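Subject: Structure for your review

Dear colleague,

Please find the structure below, handed over together with its sequence. A written account of the findings comes after it.

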Amino acid sequence: MSQTRDHSTPLSQGAEDRPVLSEQSIAGIAGGVAVPSYDRAQCLTGIVHLGPGAFHRAHQAVFVDDVLARGDKRWAICGVSLHSSEVRDALAPQDNLYTLAILDDSVRFRVIGSIRELLLATEQSATVIRRLASPASKIVTLTITEKGYCLTPSGNLNEDHPDIRHDLLDPRAPVSAIGFLVEGLRQRRVGGIVSFTALSCDNLTDNGKRLACAVVQYADLLDPGLARWIENETRFPNSMGDSITPATDDLLRSRVEQASGLTDAWPIQREAFSQWVVEDRFVCGRPSWEDAGVTMTGDVGPFEQAKLRLLNGPHSTMAYLGTLCGYQTVAEVAGDADFMAHLKNMMREEIKPGLGKMPLNLDQYIDSVLSRFGNSTISHQLSQIAWDGSQKLPFRILGTVQDNLSQGQGIERLCLTIAAWFHFIRWRVHDGHEIVDPLAPALEQIGSLCTGNTQTDIAHFGELDGVFDPALYREPHFHSLLCRSYEMIETLGARGAITQMLSEA
Ligand code: CS2
């Protein structure tokens with residue numbers, strides 16, 4: 001079963017004698033911490049959010065908090081965790097309030113009030129479906145990560161996915177996000193209630209289109225009439241969200257306690273930069289997000305591609321190559337001038353050309369991303385970024401490789417990132433560390449077969465189901481550069497491979 005898990009952990013115990021953050025205790029919060037200026041009790045639940053992990057609480061929930069503060073009370077959030085009770089249990093004693101720390105040159109703190117209710121789908125499935133079917137719920141947002149969409153690499157519903165198999169047999173008591181959406185929509189149709197808008201906020205190319213595909217194909221297997229109704233009545237806008245959100249750690253907890261004087265079981269931290277670009281296609285209303293700084297647009301595509309390829313791609317390079325170099329955080333990598341020169345070369349010479357003509361200044365975008373990586377107030381663990389590589393690399397790196405091959409552009413540095421992922425997996429398996437990835441069993445098997453022989457190791461990774469397009473893997477230029485990169489790391493080490501690439505630049 002796929003897991004939608006927030007990989008940071010809540011605090012199990014309230015610290016010392018400090019009061020716990022809540023509606024009541026907030027009156028005594030220390031002066032420097034901003035608190036909701038609106039009456040939460042007056043707010044209606046207009047948004048159901050699937051996957052209320054750290055990113056949602058640092059990003060969309062904050063834009064919604066701004067909307068509520070501006071006086072439109074229709075848009076409070078009901079958050080639904082699909083598998084883990086951690087968020088619900090941590091925030092219940094706090095009336096679902098939590099503190100956001102915004103880490104820049106200085107640190108700012110703000111209590112977020114937009115989440116009105118938190119549910120756990122495995123225990124409160126009937127309530128979740130009631131919320132999805134309620135006429136007050138006009139938008140369903142999702143951050144369920146790449147794997148939560150239950151799609152095959154070609155973008156179709158994976159009918160063999162265990163959660164989908166379960167839901168097809170028992171559609172009234174679903175476990176997958178797709179199953180919940182469709183059951184909620186079915187009940188709306190039966191009750192004559194207008195459809196909701198389903199807004200994916202995950203890091204996928206064409207996230208709305210992919211969500212629509214999963215939902216409609218699943219519905220089609222249950223009831224083609226329902227599938228046609230969904231196609232006609234529901235909207236699935238694309239969106240791109242961006243704000244670096246490191247997992248909660250002890251430093252954050254003590255920072256928050258010092259600043260607020262209250263105990264918070266699960267504060268959240270992020271950089272000051274926060275961007276949300278949303279395709280303006282909603283079926284029954286939306287908040288005035290533009291007044292809260294959201295870019296509402298007709299085409300999210302360029303923003304999404306620039307972000308996935310120029311921010312998340314280099315992030316994954318840092319995660320794999322940086323870990324092999326012995327670094328633990330993004331800021332440590334950012335302090336290595338050679339590494340950063342390599343990254344910049346990759347961004348400018350291999351990623352930028354594949355993006356073609358864009359309505360953004362890509363050189364400025366690259367510089368701003370590099371300076372965000374250098375934010376030394378943030379301790380962003382490379383291990384957090386390294387999770388789920390099999391799901392992330394296709395969107396972050398492999399699309400660029402495909403485009404560059406067809407346009408005759410360079411792919412040397414991109415291949416070094418892929419080879420670093422292979423070495424990372426091999427090293428983790430050999431050292432007995434956990435692999436956090438939906439394909440973990442297959443990756444563990446491959447890692448244990450790798451011996452350092454380039455040809456056979458590369459062949460093992462090529463057998464991985466659903467990551468590499470077989471035609472790409474066989475493409476001679478790609479294959480030979482991948483072998484070369486793999487061998488370079490094997491013989492020179494990751495740091496030596498970077499020096500070698502820089503000397504060839
Ligand atoms: C990161 C992203 O963990 C990861 O894989 O690359 O979470 C990244 O920090 C966000 O997309 C930034 O908006």
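The notes below cover the domains, their interface, some individual residues and the salt bridges.

This is a predicted model, in which local features need pLDDT of at least 70 and side-chain atom pairs count only at pLDDT 80 or more, while totals for chains, interfaces and linings use all residues. Residues are numbered from 1 along each chain as its sequence is written, and side-chain values use heavy atoms, with hydrogens and water left out.

Domains and their interface

The protein is divided into domain 1 (25-298) and domain 2 (302-504); these bounds come from an automatic or database domain assignment. Domain 1 contributes 28 residues to the contact and domain 2 contributes 24 residues, where contact means heavy atoms within 4.5 Å. The centres of the two domains, taken over C-alpha atoms, are separated by 30 Å.

The size of an interface is often given as the accessible area lost when the parts come together. Here, domain 1 and domain 2 bury about 2200 Å² between them, and 56% of it lies on carbon and sulfur atoms. Buried area is the accessible area (1.4 Å probe) that two parts lose on being put together, summed over both. Of the area that domain 1 buries against domain 2, 25% is supplied by Glu146, Asn203 and Ile244, more than by any other three residues.

Three salt bridges are found across the interface of domain 1 and domain 2; a salt bridge is a side-chain nitrogen of Lys or Arg within 4 Å of a carboxyl oxygen of Asp or Glu. There are also 10 residue pairs in polar contact between the domains, both residues being at pLDDT 80 or more. A polar contact is a pair of N or O atoms within 3.5 Å; within protein, one must be able to donate a hydrogen and the other to accept it, and residues adjacent in sequence count only if both atoms are side-chain atoms.

On the side of domain 1 that touches domain 2, the elements giving two or more residues are helix H7 (207-222), strand S9 (239-242), strand S10 (268-271) and strand S11 (275-279). Helices (H or I, at least four residues) and strands (E, at least two) are DSSP runs, numbered from the N terminus. The largest share of this side, four residues, comes from S9. Its residues divide into 10 nonpolar, nine polar and nine charged. In this grouping, Ala, Val, Leu, Ile, Met, Phe, Trp, Tyr, Cys and Pro count as nonpolar, Asp, Glu, Lys and Arg as charged, and the others, Gly among them, as polar.

Individual residues

Is histidine 315 buried or exposed? Histidine 315 is buried, at a relative accessible area of 5%; buried means under 20% relative accessible area, exposed over 50%, and partly exposed in between (1.4 Å probe, protein chains only). Histidine 315 lies in helix H10 (residues 301-324). Not counting residues up to four places away in sequence, histidine 315 touches Ile244, Val330, Phe373, His380, Ile385 and Arg396.

Valine 333, in helix H11 (residues 330-334), is buried with a relative accessible area of 0%. Beyond its neighbours within four places in sequence, valine 333 is in contact with residues including Met318, Tyr327, Phe339 and Leu382.

Aspartate 95 is not a glycine, yet has a positive phi of about 55°. This aspartate 95 sits in the loop between helix H3 (86-91) and strand S4 (98-103) and is partly exposed at 33% relative accessibility. Cysteine 150 likewise has a positive phi of about 55° without being a glycine, but cysteine 150 is buried at 3%.

Salt bridges

How many salt bridges does the structure hold? The structure holds 31 salt bridges. In one of them, glutamate 183 meets arginine 172 (3.8 Å, N to O); glutamate 183 is in helix H6 (residues 177-190) and arginine 172 in the loop between H5 and H6. Glutamate 183 counts as buried, at 3% relative accessibility, whereas arginine 172 is partly exposed at 48%.

Arginine 413 forms a salt bridge with glutamate 350, their closest N and O atoms being 3.1 Å apart. Arginine 413 lies in helix H16 (residues 412-430) and glutamate 350 in helix H12, so the pair ties together parts that are 63 residues apart in sequence. Both arginine 413 and glutamate 350 are buried.

With kind regards
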